[in-house]
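Here's a quick tour for anyone meeting this structure for the first time. Have a look at the picture, then read on.

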Amino acid sequence: ENHKSYLPAVFHITTERLRTMSRKLDVKGMSPVITTIILASTILACVLTAYFQVTGVLIAQSQHMEFQQAEHVLTSLADIIENTLYSPGSAGYVRFDYLSTRPNLIRTGLTATLKIFNMHTGESNEISLALNIVEIEGGFLVSTSWETVLGSRSVINGSEYSTIVISPLDRLAKVQVLQLNGPRIVLDFGRFKVIYAGIAGLNSSVKYNVIEVSAVNITFGTINGTEQLALIAKNTGVTVHIWEFSSSEDLCIQVKGYKILAKDYSLSEELGTTKPVRLSDLFDDFNPALPTIVRVSIFQVEISMEGR
């Protein structure tokens with residue numbers, strides 16, 4: 001809006017200067033034709049300068065607004081995915097128009113793995129999921145800084161981890177804003193939620209610790225269209241695994257994943273991998289004297305990008 005206020009001032013100053021130049025040129029006896037050409041050239045240069053300045057401001061504002069819209073698109077997509085986890089076959093979409101932004105569905109070829117094992121008995125089970133990323137690149141005039149828009153970290157034994165969460169209220173989705181060779185907004189589901197559900201009795205004599213593990217495995221479907229795109233998320237089902245451990249005294253959990261680094265947009269396995277942690281240290285109510293049952297739910301979600 002600022003360009004509306006300074007344009008009249010620019011033309012007023014320019015007009016006064018041109019009048020002064022005209023009087024000086026007349027005094028020096030230059031021909032009216034040459035005077036007219038000089039004045040017309042000067043006016044054209046001033047008009048073009050003002051035009052390009054105003055156009056640059058408008059383009060920058062448009063790209064910034066579109067980038068903000070892209071942030072809303074990915075957080076909405078994350079909401080759709082998590083809201084349909086317990087409804088196999090359901091789907092949702094978020095539609096958006098784009099001019100300066102560019103959406104990408106990236107297959108990294110990497111996996112995140114959760115392992116639960118007993119250091120004493122050797123019992124061990126693990127599960128892996130694909131680390132695929134939904135990314136939207138911003139326009140060349142957009143400048144931003146690193147920010148976590150959605151998703152929290154867990155503090156375990158004094159260390160922060162982004163590949164495992166241990167609160168029922170924590171989100172599996174993570175949305176980050178990055179600035180590297182241009183602005184980017186990134187959505188990924190490369191982490192596991194591990195919850196202690198309490199003690200359950202399967203019969204009158206045996207009781208178990210119950211651990212609930214959940215994660216989202218993202219795959220990509222069809223990609224077509226060049227405008228008015230829709231990002232479509234479909235729940236294709238859930239894969240359930242039941243693990244039973246006869247001894248819980250030295251029962252540990254470890255996640256080997258990847259953390260997206262803001263400084264260079266790389267994937268760090270070192271920072272995405274947790275140290276082995278005893279479940280008795282992770283959850284205060286966990287009873288190491290009882291056997292443990294782990295229920296693992298991997299929700300399968302397919303993301304497609306369609307338009308016309």
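Two strands count as paired if DSSP finds at least two bridges between them, and the helices (H or I, at least four residues) and strands (E, at least two) are themselves DSSP runs, numbered from the N terminus. What you're looking at is a predicted model, where local features need pLDDT of at least 70, side-chain atom pairs count only at pLDDT 80 or more, and totals for chains, interfaces and linings use all residues. Residues are numbered from 1 along each chain as its sequence is written, and side-chain values use heavy atoms, with hydrogens and water left out.

- Ile242 sits opposite Arg295 of β17.
- β17 spans residues 292–306 and is mostly covered, with 12 of its 15 residues buried (buried means under 20% relative accessible area, exposed over 50%, partly exposed in between, using a 1.4 Å probe and protein chains only).

**The nonpolar cores**
- A nonpolar core is a set of buried Ala, Val, Leu, Ile, Met, Phe, Trp, Tyr and Cys residues joined through side-chain atoms within 4.5 Å.
- The largest one has 33 residues, and Leu77, Ile81, Val134, Leu187, Leu231 and Ile303 touch the most other members.
- Among the elements giving two or more residues to this core are α2, β3 (124–137), β11, β12 and β17, and α2 gives the most, with eight.
- Leu231 has contacts (heavy atoms within 4.5 Å) with residues including Val73, Leu77, Tyr93, Val134 and Met305, leaving out residues up to four places away in sequence.
- A second, separate core of 27 residues includes Leu114, Ile116, Val255 and Leu279.

**Ser76 in the helix**
- Ser76 lies in helix α2 (residues 32–83).
- Is Ser76 buried or exposed? Ser76 counts as buried because its relative accessible area is 17%.
- A polar atom of the Ser76 side chain lies 2.8 Å from the backbone oxygen of His72.

**The largest pocket**
- The largest pocket has a volume of about 250 Å³, a volume being the space filled by probe spheres set on grid points joined across faces, edges and corners.
- A pocket is an open set of points on a 1 Å grid over the protein atoms alone, where a 1.4 Å probe fits, with protein on both sides within 12 Å along at least five of seven lines; lining residues have an atom within 4 Å of a point.
- Of its 14 lining residues, Tyr86, Val213, Ser214, Ser297 and Phe299 are the closest to the centre of the largest pocket.

Conventions. A polar contact is a pair of N or O atoms within 3.5 Å; within protein, one must be able to donate a hydrogen and the other to accept it, and residues adjacent in sequence count only if both atoms are side-chain atoms.
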